[in-house]
Amino acid sequence: MALTGDDVDRFEAARPRLAAIAYRLLGSASEAEDAVQETFLRWQAADVDRIDVPEAWLTKVLTNLCLNQLTSARARRETYVGQWLPEPLLAGDPMLGPADTVEQRESVSYAVLALMERLSPQERAVYVLREAFDYPHRDIAGILGVTEAASQQLLHRARQHVADGRARTEVDRAAARRVVAEFLAAATSGRVEPLVQLLTADAVSIGDGGGHVPARVAPVVGAVAVAKFLRGLFTPGAAKRALLGGSPELYAWTANGDPAVVVVVDARVIGVICLQVTADGVAVIRSQVNPDKLHRATASWAAVDHGEPLFTAF
C-alpha cells in the first residue's frame, strides 16, 4: 500500500529517535542512517492501517535490524586493522539524541560506546533502550522476543560490563574547553612532565586508523608511556605535515559529551581526540583518525561557528 502524507510525516517525526537508538546500538553514524532508511522501507511495505502503535512497531523493526548488523559486525571487527573505536559525533549533532539525564548522557559517551563492544547484541539493546530511552522492560521484552525477567537480567549484566565507563567526571562546555586547552598546552610543550601531571597513573591511549592512517596497533598504557607517545605525536615535522596534507588546526570542542580535540586541515576534520576525564585526571585518550569515520564530523564542523583554533600545530 502506498503511504499517505500522514504516514510519511509519522515516520519523519520518529526519525530522530530512531537514529539516536541506532547510533547507540551500532557505534556508527553511517550504519545508523542505513538502518533507519531500511526501517522506512519496511514501513513503506507494511499495511500501516493495521499497526496499532506505529512508534513501537518502528522501534522493534529498527532494533532487530541493528541486532542483525551487530552480529555481522562482530565478525568484521575480528579482521579490523588495529584498534576499533566508535564514530565520534560532535556537539550539536542531532544523532546524539536525548541528554536530559545522567544515564542518557552516559549512554552516548565515547567511553561507554567503546565499552558496549563487550556486550552481546541483546545486552546492548536492553541497555540502550532502558538507560537512554527509558523503555519499560515489558516493551523491551516484546521488542526482543524475551520475557520481562530475561530483559531485567540482560540489563543487570550489561550494567556490570560497562561499570568502568561511569568512572568519569561530567563537564560542561566551558570546563571541557579548559580541559582541552590545558591538555594541548602540555602536549605541545615538548616536555613529558606537564603531560604526566595531567594523566592518571594508569592512563591509556588508544587510536583507530582503520588501516588508512598510521596508528598504534596496541594501546599505550601508563602515564609516562602515554606522555612520551603524545610528546612525539605533537612534535612538529615536515613529514607529519606531508602525511596530514598541511598544518593542522587544533580546536577545543566536545564529542559525545566528552572534552575533545578536533583536528582540522583545510576545513576537513582529520582527527577527533576524546578525553575521558576522572577526578584523578585524564584516564583514557581515544583518537579517531580513520577517515571513513570522520565524514559526518566534517559535515557537522562546517555547519557551526567554531571560532579560532587554540593551536596551529606543526
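pLDDT is the predictor's confidence in each residue, on a scale from 0 to 100. The model on screen is predicted; local features need pLDDT of at least 70 and side-chain atom pairs count only at pLDDT 80 or more, while totals for chains, interfaces and linings use all residues. Residues are numbered from 1 along each chain as its sequence is written, and side-chain values use heavy atoms, with hydrogens and water left out.

**Stop 1: the whole chain**

Colour the chain by pLDDT. Its mean is 92, and 97% of the residues reach 70 or more. Elements here are DSSP runs numbered from the N terminus: helices are H or I runs of at least four residues, strands are E runs of at least two. Select helix α12 (residues 238–244), which has the lowest mean pLDDT among the elements of the chain, 81. Then select strand β2 (residues 220–221), which has the highest, 97.

**Stop 2**

Two packed helices are described by the angle between their axes and the distance between the axes. The axes are lines fitted to C-alpha atoms, for helices over the stretch in contact, and angles run from 0 to 180 degrees between N-to-C directions.

Select α1 together with helix α2 (residues 29–45). Their axes come within 8 Å and cross at roughly 145°. The crossing of α1 with α2 is right-handed; a crossing has this hand if the near helix is turned clockwise from the far one by less than a right angle, and is left-handed if anticlockwise. Show the side chains in contact (heavy atoms within 4.5 Å). From α1 these include Phe11, Leu18, Ala22 and Leu26, and from α2 they include Ala32, Val36, Phe40 and Trp43. By class, the residues of this contact divide into 12 nonpolar, 2 polar and 4 charged. Ala, Val, Leu, Ile, Met, Phe, Trp, Tyr, Cys and Pro count as nonpolar, Asp, Glu, Lys and Arg as charged, and the others, Gly among them, as polar.

**Stop 3: α1 and α6**

α1 passes α6 in a right-handed crossing. On the α1 side, the contact is made by Ile21, Arg24, Leu25 and Leu26; on the α6 side, by Arg124, Ala125, Val128, Leu129 and Ala132. That gives 7 nonpolar, no polar and 2 charged residues.

Now centre on Arg124, in helix α6. Is Arg124 buried or exposed? Arg124 has a relative accessible area of 2% and is buried (buried means under 20%, exposed over 50%, partly exposed in between, with a 1.4 Å probe and protein chains only). Not counting residues up to four places away in sequence, Arg124 touches Arg24, Leu25, Leu26, Gly27, Leu70, Leu113, Met116, Glu117 and Leu119.

**Stop 4**

Gln122, Ala125, Val126, Leu129 and Arg130 of α6 meet His137, Ile140, Ile143 and Leu144 of α7. The contact of α6 with α7 has 6 nonpolar, 2 polar and 1 charged residues.

Select Asp134, in the loop between α6 and α7 (137–144). Most residues other than glycine have a negative phi. Asp134 has a positive phi of about 55° although it is not a glycine. At 55% relative accessibility, Asp134 counts as exposed.

**Stop 5: the β3–β4 loop**

Move to Asn256, in the loop between β3 (249–255) and β4 (258–265). Asn256 also has a positive phi, near 55°. Asn256 is buried, with a relative accessible area of 1%.

**Stop 6: strand β5**

Finish on strand β5 (residues 268–278), where Leu275 lies. Leu275 is buried at 0% relative accessibility. Leaving aside neighbours within four places in sequence, Leu275 is in contact with Val179, Val180, Phe183, Asp258, Pro259, Val282, Val284 and Ile285.

Step to Cys274, which is in strand β5 and is buried, with a relative accessible area of 2%. With neighbours within four places in sequence left out, the contacts of Cys274 are Tyr110, Ala255, Pro259, Ala260, Val284, Ile285 and Arg286. For a distance to draw, take Cys274 and Val226: 48 residues apart in sequence, and 14 Å apart from C-alpha to C-alpha.
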